[in-house]
Amino acid sequence: MRIRIVDAFTDRPFAGNPAGVLLLDAFPDDDRLQRVALEVNHAETAFAHPLPEGGEADWALRWFTPATEVAMCGHATLATAHVLLTTGAHEGPVRFATRSGVLVATPREDGSVTLDFPTAPLTPVETPEGVAEALGAEPLTVLDTGPNIGDLLVEVADERTVRGLTPDHKALGAHSARGIIATARADDPTQGYDFVSRCFFPNVGIDEDPVTGSAHTALAPFWSERLGRPALTGLQASPRSGRVRTELRGERTLLSGSAVTVIEGELLA
């Protein structure tokens, strides 16, 4: 069984968000999938197997953190599409059957891939007591991102504040199903990005996620409304960093980025 480690939302190795990718004939039991994800120990490990021809999807896809299965993951979907397309296991757009419905990954001429994901429904909420202290910054705006993501989207004062956050991860876990997306407008849009974010997901075993595709299904509608443009670029300012190009299309959000395979090996256990 081949296992690959792919850096997603980057065009160079050792940046972006690493994901494990395993292409299977069928899914084994959930306990085995979880054990493999724990062994890989990246933010997510993706497991995919081909589906019969003629259906609404080409491949079944599931995502596991080291601690649990998740309902949606952008970077591991991009990583899986990258593996399918670069190995010849699939040609053209890939339709994935997932817990979040059918998600389509479309290759582009420049080698990047565009993901078609559901737009997160944003609901303004009162700032929960303790969030400012746990995050280490005063929220300007707080929104619930809906069940597929399960985060609080928290706008803070500026890019410098986002970059300087040193949150209390344990305390953050009390305020949402998955975690917190902290964001602010870019200080200098001439640098090639429109907004900046960082993502903290202690409830699924990830203190800070390097680059989070699913979070951008919430960031895209939030910043598109603020900035008055459907197409934007987000920089996730984690230590590994990565960029996600977004395009808001009503109930769907397009997420585009590149990926690089950095490790390929054999799962022996």
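Is Arg249 buried or exposed, and what is its relative accessible area?

Modeller: Arg249 is exposed, with a relative accessible area of 51%, where exposed stands for over 50%, buried for under 20% and partly exposed for anything in between, using a 1.4 Å probe and protein chains only. The model is a predicted one, in which local features need pLDDT of at least 70 and side-chain atom pairs count only at pLDDT 80 or more, while totals for chains, interfaces and linings use all residues. Residues are numbered from 1 along each chain as its sequence is written, and side-chain values use heavy atoms, with hydrogens and water left out.

The charged partner of Arg249 is Glu247, and the closest N and O atoms of this salt bridge are 3.2 Å apart; the term requires a side-chain nitrogen of Lys or Arg within 4 Å of a carboxyl oxygen of Asp or Glu. Glu247 is partly exposed, at a relative accessible area of 29%. The whole structure holds 15 salt bridges.

Arg35 is paired with Asp31, with 2.8 Å between the closest N and O atoms, and the two are four residues apart in helix α1 (residues 30–40), which means a separation of about one helical turn. Helices here are DSSP runs of H or I with at least four residues, and strands are runs of E with at least two, each numbered from the N terminus. Arg35 counts as exposed at 58% relative accessibility, whereas Asp31 is partly exposed at 45%.

The salt bridge of Arg4 and Glu264, whose closest N and O atoms are 3.2 Å apart, links distant parts of the chain, since Arg4 lies in strand β1 (residues 2–8) and Glu264 in strand β18 (residues 259–266), 260 residues apart. Arg4 is buried, with a relative accessible area of 11%, but Glu264 is partly exposed, at 47%.

Rings of Phe, Tyr and Trp (its six-membered ring) pair when their centres lie within 6.5 Å, planes under 30 degrees apart being stacked, over 60 edge-to-face and the rest tilted. The count by this rule is three aromatic pairs. Phe47 and Phe64 have ring centres 5.8 Å apart and planes at 80°, so they are edge-to-face. Because Phe47 lies in strand β3 (residues 44–50) and Phe64 in strand β4 (residues 59–64), this pair ties together parts 17 residues apart in sequence. Phe47 is buried at 1% relative accessible area, and Phe64 is buried at 2%. For Phe195 and Trp223 the ring centres are 6.2 Å apart and the planes at 10°, so that pair is stacked; Phe195 is in strand β13 (residues 195–201) and Trp223 in helix α6 (residues 216–227), 28 residues apart.
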